[in-house]
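User: Hi! Could you walk me through some local features of this structure, one question at a time?

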Amino acid sequence: MRQILPASIALAALALAAASPAVGQTYPTHPVRIITLTAVGGSLDIMARTLAQNLSDSMGQQFYVENKVGAGGNLGVAELARSAADGYTIGMITVSTHGINPSLFGSKLPFDALNDFEFLGIAAELKNVVVINPKVPANNMQELVRYAKENPGKINFGSAGVGTSQHMAGELFKQMAGIEINHVPYKGAAQAAPDLVAGEIQLMFSSIPDVLGFIRAGKLRTIGISTKSRSAVLPDVVPVAEQGFPNFDVKAWFGLAAPKGTPPEIVAALNRQIYAALAKPEVRDRLATLGLDVAEPLTPAQARDFVRGEIDRWSKVVKAANLRAQ
């Protein structure tokens, strides 16, 4: 795993650095585009717009968001890779585009996820919760595994689509637990959750905001958190890692990158300013309303190492599950 400075020390250093003059007082001299990968109003879009406003304020030029939706995020990331490496186009990246898709799409991916980019940082993380239909006779992960082994092939788990972090969480757990469960992809969690409530599927690894209303209404049962740390929203739900699967730690993550060859001084300046924005209480609170936790600060080099590790990690899961992009 990555080695990083304690968050308090790193944030203090970044805030101090952010107070220094912009790169030679020359960058930016005109508006900067931020490519995001989802439609207006989605969590990633809201995060991009929150950062854009803060970067506009701190760097003295407008940062504006452009939505490029399609192909599981690949469309927008390909546009980013093709853009001029001058600091005036940056973009959002995700666990899908820079962790899962390189193996899922293989040679069909229209960019090199590691070598076509300069990495500005990992901004936020999103925990998944394990939820089941209340008719499934399980109150924890071990009971779920026991039931699955007694009923091989009879449990269907839904996700927001092939290659999403929710899908891969299910595949990884399936491999770790040695159980036979069937993946049912949907076009989004909004379509999958009602089917889980209705019993059409029995299990989901879902982002918390997508199912929180059903959980609070007693229509779904929670039996695990996908990360090693607990959720502030669901503090009583025990992580899967504490239920007999110590290596299970799955989260969606969102970061920022620039085209390969962007000058290192611009990369460093953006890295400092992004984390200075993320250190603001109002930004952290805004992201928390979306179910997002601000990630620990990383240097550009550490962010590259993080992405490299994610590509390697998910390639093993994709290969073991014999997955292919649809």
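**Helix packing and local details**

Analyst: Gladly, and please keep in mind that this is a predicted model. To begin, helix H4 (residues 95-105) packs against helix H11 (residues 300-321) at an angle of about 45°, and their axes are 8 Å apart.

User: Is H4 parallel or oblique to H11?
Analyst: The angle between the axes of H4 and H11 is about 45°. Angles under 35 degrees count as roughly parallel, and 65 to 115 as roughly perpendicular. H4 is therefore classed, relative to H11, as oblique.

User: Does H4 pass H11 in a left-handed or a right-handed crossing, and how do the residues of the contact divide?
Analyst: The crossing of H4 past H11 is right-handed. On the H4 side, the residues that meet H11 are Val 95, His 98, Gly 99, Ile 100, Pro 102, Ser 103 and Leu 104, and in H11 their partners are Val 307, Glu 310, Ile 311, Trp 314, Ser 315 and Val 318. The residues of this contact divide into 8 nonpolar, 4 polar and 1 charged.

User: Staying with H11, how many Å separate Gln 302 and Ala 217, C-alpha to C-alpha?
Analyst: Gln 302 has its place in helix H11. Because its relative accessibility is 21%, Gln 302 counts as partly exposed; the cut-off for buried is under 20%. Gln 302 and Ala 217 are 85 residues apart in sequence, and the C-alpha to C-alpha distance is 41 Å.

User: Which side chain is joined to that of Arg 49 by a polar contact of 3.0 Å?
Analyst: Arg 49 sits in helix H2 (residues 43-59), and with 35% relative accessibility Arg 49 counts as partly exposed. The side chain in the polar contact of 3.0 Å with Arg 49 belongs to Asn 67.

User: And how far apart in space are Arg 49 and Glu 66, C-alpha to C-alpha?
Analyst: Along the sequence, Arg 49 and Glu 66 are 17 residues apart. In space, their C-alpha to C-alpha separation is 9.6 Å.

User: Which kind of peptide bond joins Tyr 27 and Pro 28?
Analyst: Pro 28 is found in the loop between helix H1 (7-18) and strand S1 (32-36). Omega for the bond joining Tyr 27 and Pro 28 is about -5°. The peptide bond here is cis.

User: What is phi of Ala 71?
Analyst: Ala 71 lies in the loop between strand S2 (63-67) and helix H3 (74-82). Ala 71 is exposed, because its relative accessible area is 52% and the cut-off is over 50%. Its phi is a positive value in a residue other than glycine, near 60°.

User: What about phi of Asn 322?
Analyst: Asn 322 lies in the segment after H11. With a relative accessible area of 58%, Asn 322 is exposed. Phi of this non-glycine residue is positive too, near 55°.

User: With which side chain does the side chain of Ser 207 make a polar contact?
Analyst: Ser 207 belongs to strand S7 (residues 203-207) and, at 4% relative accessibility, counts as buried. Beyond residues up to four places away in sequence, Ser 207 touches Leu 126, Lys 127, Asn 128 and Gln 166. The polar contact of the Ser 207 side chain, at 2.5 Å, is with the side chain of Asp 210.

User: Finally, what distance separates the C-alpha atoms of Met 204 and Phe 157?
Analyst: Met 204 is found in strand S7, and its 1% relative accessibility counts as buried. Leaving aside neighbours within four places in sequence, Met 204 is in contact with Val 129, Val 130, Val 131, Gly 158, Ala 192, Ala 193 and Leu 196. Met 204 and Phe 157 are 47 residues apart along the chain, and their C-alpha atoms are separated by 5.2 Å.

Methods. Residues are numbered from 1 along each chain as its sequence is written. This is a predicted model: local features need pLDDT of at least 70, side-chain atom pairs count only at pLDDT 80 or more; totals for chains, interfaces and linings use all residues. Side-chain values use heavy atoms; hydrogens and water are left out. Axes are lines fitted to C-alpha atoms, for helices over the stretch in contact, and angles run from 0 to 180 degrees between N-to-C directions. Helices (H or I, at least four residues) and strands (E, at least two) are DSSP runs, numbered from the N terminus. Angles under 35 degrees count as roughly parallel, over 145 as roughly antiparallel, 65 to 115 as roughly perpendicular and the rest as oblique. A crossing is left-handed if the near helix is turned anticlockwise from the far one by less than a right angle, and right-handed if clockwise. Contact means heavy atoms within 4.5 Å. Ala, Val, Leu, Ile, Met, Phe, Trp, Tyr, Cys and Pro count as nonpolar, Asp, Glu, Lys and Arg as charged, and the others, Gly among them, as polar. Buried means under 20% relative accessible area, exposed over 50%, partly exposed in between (1.4 Å probe, protein chains only). A polar contact is a pair of N or O atoms within 3.5 Å; within protein, one must be able to donate a hydrogen and the other to accept it, and residues adjacent in sequence count only if both atoms are side-chain atoms.
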